[in-house]
Amino acid sequence: MPFYRRSRRLGPLPTVGPAPRSATAPAPQPADPCEVGYAVVDLETTGLSPTTDSILEIGLVLTGPDGLPQREWSTLVNPGAGPDGTIEVGPTFIHGLRPTDLTDAPGLDDVADLLARDLAGRVVVAHNARFDVGFLTQALGRRGHLARGARVPRVCTMEWARHFMTTPSRRLTTCCEVAGVEIGRHHSALDDAQAAAGLLRHYMSVGRERGEEALAWSRTLADAAAFRGWSWDDGAARLQEQRLAPRPGPGVPRTR
């Protein structure tokens, strides 16, 4: 989740076709049609720049085309030690993570195939999608899991907040309060991803009342089904499911 948000003028819901693949890009695997839906993601990071900062935590909620949750996972991510031998975590006062929390967590290389597999065939949803998708594009692109120049199909629950409800602020916590969506620990990646998934379902409900669902949501799903930018190794992805290290729940002692 970003630490601040820049206002953007709302445009139409994106229509994204398959991007051209570079000559060196690995061959993508087609999405399973049964898996087409939404991948609601939230990331906690060391800062705001996808090119110079690192991902510290991933929260992912996979839903069907109707927005109903199918499965979810989360993991802390060890970004590696810096020149001084310590793990850089950035603003602990925001995300609550300390270097000792990440010592035994997998690195991004250890979960990248799993992440690419679970994003494939789905519209990526986030509250401030430019932030989260920017980090995903950098992190997975440099590892060969996303074709060069590919634009990931996405929906931003922050950008669409005032289209579907009246809210004094587009902040995640405020939007959830207005929409009646429960949110757990703000800036915990899985809790924020679950909250954004709740907003998505609220938007769909309002859209159905207005007769807008065919115009908006069907098009985004078609874009995701046609997108061929992701690449992953399925065997590696299955093994990586066992390497996940979720953030401890409230009341669970931290590693010292």
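Helix H3 (112-119) is mostly covered, with eight of its eight residues buried, where buried means under 20% relative accessible area, exposed over 50% and partly exposed in between (1.4 Å probe, protein chains only). The buried residues are Ala112, Asp113, Leu114, Leu115, Ala116, Arg117, Asp118 and Leu119. Their cover includes the strands S1 (37-45), S2, S3 (69-76) and S4 (122-126), together with helices H4 and H9. Helices (H or I, at least four residues) and strands (E, at least two) are DSSP runs, numbered from the N terminus. Just after H3, glycine 121 has a positive phi of about 80°.

A word on the model: it is predicted, so local features need pLDDT of at least 70 and side-chain atom pairs count only at pLDDT 80 or more, while totals for chains, interfaces and linings use all residues. Residues are numbered from 1 along each chain as its sequence is written, and side-chain values use heavy atoms, with hydrogens and water left out.

Arginine 143 meets aspartate 109 in a salt bridge at 2.5 Å, N to O. Arginine 143 lies in the loop between helix H4 (129-141) and strand S5 (154-156), and aspartate 109 in the loop between helix H2 (99-102) and helix H3, so the pair ties together parts that are 34 residues apart in sequence. Arginine 143 is partly exposed at 30% relative accessible area, whereas aspartate 109 is exposed at 53%. The other pair is arginine 243 with aspartate 110, at 4.0 Å, N to O. This pair links distant parts of the chain, 133 residues apart, with arginine 243 in the segment after helix H9 (234-240) and aspartate 110 in the loop between H2 and H3. Arginine 243 is partly exposed, with a relative accessible area of 41%, and aspartate 110 is partly exposed at 31%.

Now find glycine 59, which sits in strand S2 (residues 55-63). Glycine 59 is buried, with a relative accessible area of 0%. Contact means heavy atoms within 4.5 Å, and, leaving out residues up to four places away in sequence, glycine 59 touches Val40, Val41, Asp42, Trp73, Ser74, Ala189, Leu190 and Ala193. Glycine 59 and leucine 76 are 17 residues apart in sequence, and their C-alpha atoms are 8.9 Å apart in space.

## H6 against H7

Which way do these two helices cross? The axes of H6 (residues 172-179) and H7 (residues 189-210) come within 10 Å and cross at roughly 45°; axes are lines fitted to C-alpha atoms, for helices over the stretch in contact, and angles run from 0 to 180 degrees between N-to-C directions. H6 and H7 are therefore oblique to each other, as angles under 35 degrees count as roughly parallel, over 145 as roughly antiparallel, 65 to 115 as roughly perpendicular and the rest as oblique. The contact is made by Leu172, Cys175, Cys176 and Ala179 of H6 and by Asp192, Ala195, Ala196, Leu199 and His202 of H7.

## Two residues with positive phi

Most residues other than glycine have a negative phi. Asparagine 128 is not a glycine, yet has a positive phi of about 85°; it lies in the loop between S4 and H4 and is buried at 8% relative accessible area. Histidine 187, also not a glycine, has a positive phi of about 75°. Histidine 187 is in the loop between H6 and H7 and is buried, with a relative accessible area of 12%.

## The whole chain

Stepping back, the protein has nine helices and five strands, which run β-β-β-α-α-α-β-α-β-α-α-α-α-α from the N terminus on. Of its 256 residues, 51% count as buried. Among contacts with a separation of 6 or more, 74% are between residues 24 or more positions apart.

Technical notes:
A salt bridge is a side-chain nitrogen of Lys or Arg within 4 Å of a carboxyl oxygen of Asp or Glu.
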